[in-house]
Amino acid sequence: MFKYMKYIVLTIVAVVLVSCNGNSSNESTDDSTNQVDKSLELYGNTQGTTYAILCNDPIALNKQEVDDMLHDFDMALSGYVDSSVLTLLNNLSAGKYTYDDPHAYFNRCYEMALDVYTETKGAFDPTVYPLVDGWGFMKNVENVPDSAVVDSLRALVGFKNGHHFEFNYTVSAQGDTVPASSITKKTPGAKLDFNAIAQGLAVDVLAEELEERGAQNYFVEIGGEIRVKGVNSEGELWRIGIDKPIENSTEETRVLQEVVHVDNRSIATSGSYRKFYEKDGIKYSHTLNPKTGYPVRHSLLSATVVAPSCAIADAMATAFMVMGPEEAIAYLENRNTYKLEAYLIFINEHDEYETYYTTGFGDM
């Protein structure tokens, strides 16, 4: 269950996704037959949340195939499956850990996470697990650790390759660098939390499978992480709604801040305004800064990121929530290696809502 562990709440919703008419099929009740002559709709449960797949092309895919893919994904990256690659690595005291990764889900996630960690100078850091656990966020415990505890946990943080974990590589006969299926865990107590990237990667995996089967017009969503291509059943670009950051809002009371039209891109939102607890009059956000060990105290309420990869959109939205508005804006305007589009909502010095968005996001 990835979403339960995740310390950033994703608040992106899809609106006016597809016109559900008599020509659409609902695969949630039919696991056995492939759909080849009509549009496709698949719904189910995964990773502690739900998924939805809509496709307006005559492809063959059924719910059981999707569920099997997501099961294989969980066997690599779920922290709630006792026999998953991730859980076994986290439970290892120290030493070399050799594992099977037949679909390369774990290796792919690890490599992408390492790239984002480097790109964001540690704002995105999967080794934050001990801190998240120490603050009680994984079990919804209102536990404010003292500075000595925070310092001891912070010593376990740092995703630089070769520090707490060393991802091993081999070199093929052609000279290409190929990841081997082994990791050396150097620090007892160090653990990984891929929840801020893995769910986005699961969306990418499903979208890639759709395209391999010929899909050119589709919508894939897991727990609010979205990737779309082409048009919906009405022949229009997919429309995605972004929540206005309102504390204690529910499904019934949520208000949309914006609606964007997206094509052949992924979109993810992270926000700090719903996940926090209050202790002795102080609000503690569930967004932790891996560098300090403490919850962030800046004014950024939510970050929506559009990228070709849903994994990158997911991870960078989380990184921006750690950075805060000034650093996130500086990154987008001066670096932006991944060529992201973004929409930030924050509180300004006048205690008012303010937004920042890239030019490309405005065009959407």
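1. Glu349, Asp351, Glu352 and Glu354 gather in a patch of negative charge on the surface. A patch is made of residues with over 30% relative accessible area and no salt bridge, with like charges joined within 9 Å. Asp and Glu count as negative, and the charge is placed at CG of Asp or CD of Glu. Glu349 sits in the loop between strand 16 (341-347) and strand 17 (353-357). Glu349 is exposed, at a relative accessible area of 69%. Here exposed means over 50% relative accessible area, buried under 20%, and partly exposed in between (1.4 Å probe, protein chains only).

2. A word on the basis. This is a predicted model: local features need pLDDT of at least 70 and side-chain atom pairs count only at pLDDT 80 or more, while totals for chains, interfaces and linings use all residues. Residues are numbered from 1 along each chain as its sequence is written, and side-chain values use heavy atoms, with hydrogens and water left out.

3. Where does strand 8 sit, buried or exposed? 5 of the 5 residues of strand 8 (residues 218-222) are buried, so the rest of the structure largely encloses it. Strands are DSSP runs of E, at least two residues long, and helices are runs of H or I, at least four; both are numbered from the N terminus. In a regular strand, side chains alternate between the two faces of the sheet. Both faces of strand 8 are covered. Tyr218, Val220 and Ile222 are buried on one side, Phe219 and Glu221 on the other.

4. Strand 8 has strand partners. Two strands pair if DSSP finds at least two bridges between them. Strand 4 (residues 49-55) runs antiparallel to strand 8, joined by 5 bridges. Cys55 has Tyr218 as its bridge partner in strand 8. Another 5 bridges join strand 8 to strand 9 (residues 225-229), again antiparallel. Phe219 is partnered by Val228 of strand 9. Strands 8 and 9 form a hairpin with 2 residues between them. Gly223 in that turn has a positive phi of about 55 degrees.

5. The pairing continues from strand 9. Strand 9 is joined to strand 12 by 3 bridges, antiparallel, and Val228 has Arg265 as its partner in strand 12. Strand 12 (residues 265-271) is mostly covered, with 7 of its 7 residues buried. Arg265, Ile267, Thr269 and Gly271 lie on one side and Ser266, Ala268 and Ser270 on the other. Strand 12 also runs antiparallel to strand 15 (residues 300-307), with 6 bridges. Thr269 is partnered there by Thr304.

6. Now the charged pairs. The whole structure has 9 salt bridges, each a side-chain nitrogen of Lys or Arg within 4 Å of a carboxyl oxygen of Asp or Glu. One of them joins Glu119 and Arg335 (2.9 Å, N to O). The pair links distant parts of the chain, 216 residues apart. Glu119 is in helix 4 (residues 105-119), and Arg335 is in the loop between helix 9 (325-334) and strand 16. Glu119 is buried at 8% relative accessibility, whereas Arg335 is partly exposed at 47%.

7. Arg227 forms a salt bridge with Asp204, their closest N and O atoms being 2.8 Å apart. Arg227 lies in strand 9 and Asp204 in helix 7 (residues 198-212), so the pair ties together parts 23 residues apart in sequence. Arg227 is buried at 12%, and Asp204 is buried at 1%.

8. Glu236 and Arg239 form a salt bridge at 3.9 Å between the closest N and O atoms. Glu236 is partly exposed at 37%; Arg239 is partly exposed at 22%. Glu65, Glu209 and Arg213 are linked in a network of salt bridges.

Definitions and conventions
Patch = residues over 30% accessible without salt bridge, like charges linked within 9 Å, V, L, I, M, F, W, Y side chains within 5 Å. Areas by Shrake-Rupley, 256 points an atom, 1.4 Å probe, with all protein chains shown as cover.
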